[in-house]
Amino acid sequence: MIIVRGILEEGLLYAIVSLGLYITYKILDFPDLTVDGTFPFGSAISAIMILNNVNPVLVLFISFFAGMIIGTITGIIHIKFKIRDLLSGIIVMTALYSINLNIAGRANLPIFNKENIFRNHFSMWIFPTLRPYTSLIILIFIVLICKLILDYYFTTKSGYLLRAVGDNGSLVTSLAKNKGNIKIIGLAIANGFVALAGAIYCQHKGFFEISSGTGTVVIALANVIIGTKLCQNNKYIKPTTAVIIGSIVYRAIISFVLLLGIPSNNLKLITSLLLLIILIVNKSKKGKVIS
């Protein structure tokens, strides 16, 4: 049960990142490497605010909107200054490394003794008989809220336009809408979710670590691809739900590999190889359909 609980907690935590990457990768077809910097950015904001006794719940909202600012910057560099999408993300991601260090003050910042959303008197009081599962229940609640908000957004006019930009940009232009501005909105929302996940990660683990964002985009991408492929033939499962499922399945695969005795030092290598295999299989299936 401890292993299962760990899989679910890690899977749900990275599901929030994957919801953001779903927007950039699946909808906008934008290779946004900003994610690797936005994740620790949200974590750094969370750590420094928690140490200054800011309400942990308020910290989550602040981190989300701070992440939206970062996504907006990436979008402006790409749209307004005509810099290629990949380079735009790299530029902002690189800048965020120094920004994150300046926010936190150092590469590792512990907050173990501070109250947060997972360790507070209210959570212990409301779940007295489920104390070992408090973190899991809170994560389920947060992920569910994020999913429902994103589902609702996709039903709004702005959400429809966002999806239209990815499917048919000329259609958006014909509706007298600026597709560049809509893409910026999409990047802002996506990075908002990533920064939120970073803030939750910091409070869940009890520390900020500058390298926590390394490989985040690869993990989230694997989650998105696994989830969408597993659920592609089920019309009753929404894409956001599929992404969450994919995140949990991915974490279960990684846990199984580690249980086989492979050293945790090779985790990033395993992640990269797993994503490579997924992409190769996915591409080969597309080739068979075309042929």
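D151 and K147 form a salt bridge, with their closest N and O atoms 2.6 Å apart. This is a predicted model. Both residues belong to helix α6, which covers residues 134-154. They sit four residues apart, so about one helical turn separates them. D151 is buried. K147 is buried too.

Helix α1 spans residues 2-27 and holds both E9 and R5. These two residues form a salt bridge. Their closest N and O atoms are 4.0 Å apart.

How accessible is E9, buried or exposed? E9 has a relative accessible area of 11%. Buried means under 20%, so E9 is buried. R5 has a relative accessible area of 22%. That value lies between the 20% and 50% cut-offs, so R5 counts as partly exposed.

## A bridge between helices α1 and α9

E10 pairs with K205 in a salt bridge, and the closest N and O atoms are 2.4 Å apart. This pair links distant parts of the chain. E10 lies in helix α1, while K205 lies in helix α9, residues 179-205. The two residues are 195 residues apart.

E10 has 16% relative accessibility and counts as buried. K205, at 26%, counts as partly exposed.

Most residues other than glycine have a negative phi.

D29 has a phi near 55 degrees. That is a positive value in a residue other than glycine. D29 is found in the loop between α1 and α2, the latter covering 35-51. At 60% relative accessibility, D29 counts as exposed, because the cut-off for exposed is over 50%.

Where is K82 placed? K82 is in the loop between α3 (56-79) and α4 (85-104). Its phi is near 60 degrees, again a positive value in a residue other than glycine. The relative accessible area of K82 is 68%, and K82 is exposed.

## Recap

One joins D151 and K147, another joins E9 and R5, and another joins E10 and K205. Positive phi values occur at D29 and at K82.

Key
Residues are numbered from 1 along each chain as its sequence is written. This is a predicted model: local features need pLDDT of at least 70, side-chain atom pairs count only at pLDDT 80 or more; totals for chains, interfaces and linings use all residues. Side-chain values use heavy atoms; hydrogens and water are left out. A salt bridge is a side-chain nitrogen of Lys or Arg within 4 Å of a carboxyl oxygen of Asp or Glu. Buried means under 20% relative accessible area, exposed over 50%, partly exposed in between (1.4 Å probe, protein chains only).
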